[in-house]
Each structure stands twice: as C-alpha cells, then as structure tokens.
Amino acid sequence: MLDDLDDIHPLFHGAPSTTEFKKLRKRIVRQTREAIDAYGMIERDARWLVCLSGGKDSYTLLAVLYELKWRGLLPVDLLACNLDQGQPGFPATVLPEFLEKMQVPHRIEYQDTYSIVMDKVPEGRTFCALCSRLRRGNLYRIAREEGCSAVVLGHHRDDMLETFFMNLFHGSRLATMPPKLLNDEGDLFVYRPLANVAEVDCEKFAKSMDYPIIPCDLCGSQDGLQRQQVKAILDQWETNHPGRRQKMFKALSNARPSHLLDSSIFDFVGLSRDT
C-alpha cells in the first residue's frame with residue numbers, strides 16, 4: 001500500500017507509519033475483503049448505506065470500505081449515515097463535521113427514538129431490544145429513500161460470538177448475527193463486512209487514527225446487561241486460553257447437522273444402514 005497523500009483517501013491521512021499499525025491495517029483490510037467475497041456481498045450497480053454511530057467499530061468499517069473502494073476492490077457506491085436518536089448530550093456536530101472533512105457523502109437523520117424507548121420500557125429493563133427495532137426500521141426507510149440495496153453494519157467477530165452465546169444461554173437456540181441477511185420485506189440486504197475482524201483490532205485501529213469516538217450512553221449506562229455478562233465470560237476464557245475466541249468463531253462456520261439434535265435440518269428418522 002502506498003501512503004502518498006495523493007494515493008490514499010482522506011480517512012487515512014495522518015495514519016501512523018509504524019510497522020505495528022501497518023500490519024494491523026493490512027490485517028483488517030484483508031479480513032474485510034475475505035468476508036465480502038466469501039458471503040457474496042457485491043452486486044452490480046449496488047449502493048450501500050454505511051451506518052455510522054460514532055463508535056470505534058463503525059469508524060473502522062467506514063475507513064476500511066473506503067480503503068477497498070480507493071484501491072478498486074469494492075465497486076459499489078457508499079453513503080454514510082448517522083441516525084441521531086435524540087439521546088441527551090449527544091454531540092450532534094461531531095459526525096457531520098468529521099464526514100465533511102473526510103469528503104465522505106453522508107446523510108444525518110434525526111429521529112427521537114430515545115423518548116419512545118424511555119416511555120415504553122419499564123424501569124429496570126434493558127433498552128436494547130426496542131432501541132434496536134426502532135433504529136433498524138429507520139435505517140431501512142432511509143436506505144429505500146436513498147436508493148440503497150444494502151444496510152451495512154459494523155458488527156465484528158466478537159459481537160457475533162457474544163450473540164451466539166446469548167442465544168445459547170437465554171434463547172435456547174444455536175444462532176448468531178449472520179454476515180449477510182435479507183430483510184423480512186425481501187428488498188434490502190444487511191451486511192456485516194467486519195465479521196472476521198476482532199474487536200480489539202477495531203479498538204486499536206480507531207484509537208491509532210484518532211477518530212472522534214462517541215460513546216453510547218444509552219446502553220452503556222445500564223449495568224448487568226446479558227451481553228456484558230457474556231463478554232466477561234469470553235474475556236476470562238481468552239485470558240486463560242489465548243486464541244479461544246478465534247477457535248469458537250471458526251466453529252460457527254463448521255456446523256455438522258448430523259452431530260446436533262435438530263431433526264428439521266437432518267433426517268435422523270430416514271437414516272439407514274447399508275445392507
């Protein structure tokens with residue numbers, strides 16, 4: 001990769017020149033490209049709505065997609081979108097100013113879903129489910145209005161692992177966030193190009209680039225969330241056995257229906273011996 005100012009996107013201006021950062025950047029770009037290719041995310045004449053929350057993951061997503069596009073490896077149009085959900089104290093000018101400076105086409109949408117969540121969710125319950133549904137509905141609407149074929153999210157490898165274990169522990173099912181999903185209406189794809197990327201790499205990348213991180217105070221203010229509990233378990237396993245996260249993640253793409261118990265995906269009744 002050449003890093004002359006005329007050869008890189010503004011999102012990468014000021015990138016550290018250290019060997020460590022170059023390896024990190026190369027790894028994230030490679031892993032993202034592998035996921036895009038493996039799950040068939042590129043369509044002819046596609047336009048993607050890239051969701052930008054202001055967190056480390058969405059900044060990493062935006063930068064890497066523009067890296068791939070800049071190199072001619074992602075032949076799609078990109079439109080960054082931030083949904084301002086009306087959270088008290090949300091720094092509404094940070095993302096518009098950042099995106100203007102980075103020369104990134106974007107749309108900032110204001111919808112006060114915060115008030116709805118606070119009104120509808122009983123005290124002591126988590127906000128995540130309702131907040132997510134409201135956010136998703138608005139993003140689908142915006143994607144349609146902007147002529148986009150896909151909504152692109154910044155969920156990474158660790159998000160997928162945590163969701164798998166949440167479903168296992170609390171939902172009694174083996175399921176996680178898919179890297180590619182067709183919405184219920186059948187008119188929009190949902191992509192997660194960072195599916196192979198570790199959270200720690202997103203954090204290192206965004207901090208190294210000094211992107212203006214905006215915390216999610218709505219969710220972060222709640223203690224005892226199921227996801228935080230699962231995250232703590234995974235952190236402890238990783239501490240005790242480094243590399244365990246990656247092994248578990250690889251298992252998600254190595255399912256064997258004949259060695260599970262779901263008769264809807266494997267015909268146990270019809271299984272017969274050779275005679």
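Leaving aside neighbours within four places in sequence, which residues is H156 in contact with? They are D57, L194, A195, V197, E199 and C202. Contact here means heavy atoms within 4.5 Å.

This is a predicted model, in which local features need pLDDT of at least 70, side-chain atom pairs count only at pLDDT 80 or more, and totals for chains, interfaces and linings use all residues. Residues are numbered from 1 along each chain as its sequence is written, and side-chain values use heavy atoms, with hydrogens and water left out.

**Overall form**

The protein has ten helices and six strands. Both are DSSP runs numbered from the N terminus: helices are H or I with at least four residues, strands are E with at least two.

Of the 275 residues, 41% count as buried. Buried means under 20% relative accessible area, exposed over 50%, and partly exposed in between (1.4 Å probe, protein chains only).

| Residue | Location | Relative accessible area |
|---|---|---|
| Q31 | helix α1 (residues 19-38) | 14% |
| H156 | loop between β4 (150-152) and α6 (157-171) | 0% |

The side chains of H156 and D57 are joined by a polar contact of 3.4 Å. Such a contact is a pair of N or O atoms within 3.5 Å; within protein, one must be able to donate a hydrogen and the other to accept it, and residues adjacent in sequence count only if both atoms are side-chain atoms. Q31 touches P193, N196 and V197, neighbours within four places in sequence aside. V197 is also among the contacts of H156.

**Helix α7**

Helix α7 spans residues 199-209, and its buried residues are E199, D201, C202, F205, A206 and M209. They lie on the same side of α7, because they cover an arc of only 160° around the axis. The arc is that of the directions from the helix axis to the C-beta atoms. Their cover includes α1, α2 (56-70), α6 and α9 (226-240). D210 follows α7, with a positive phi near 60°.
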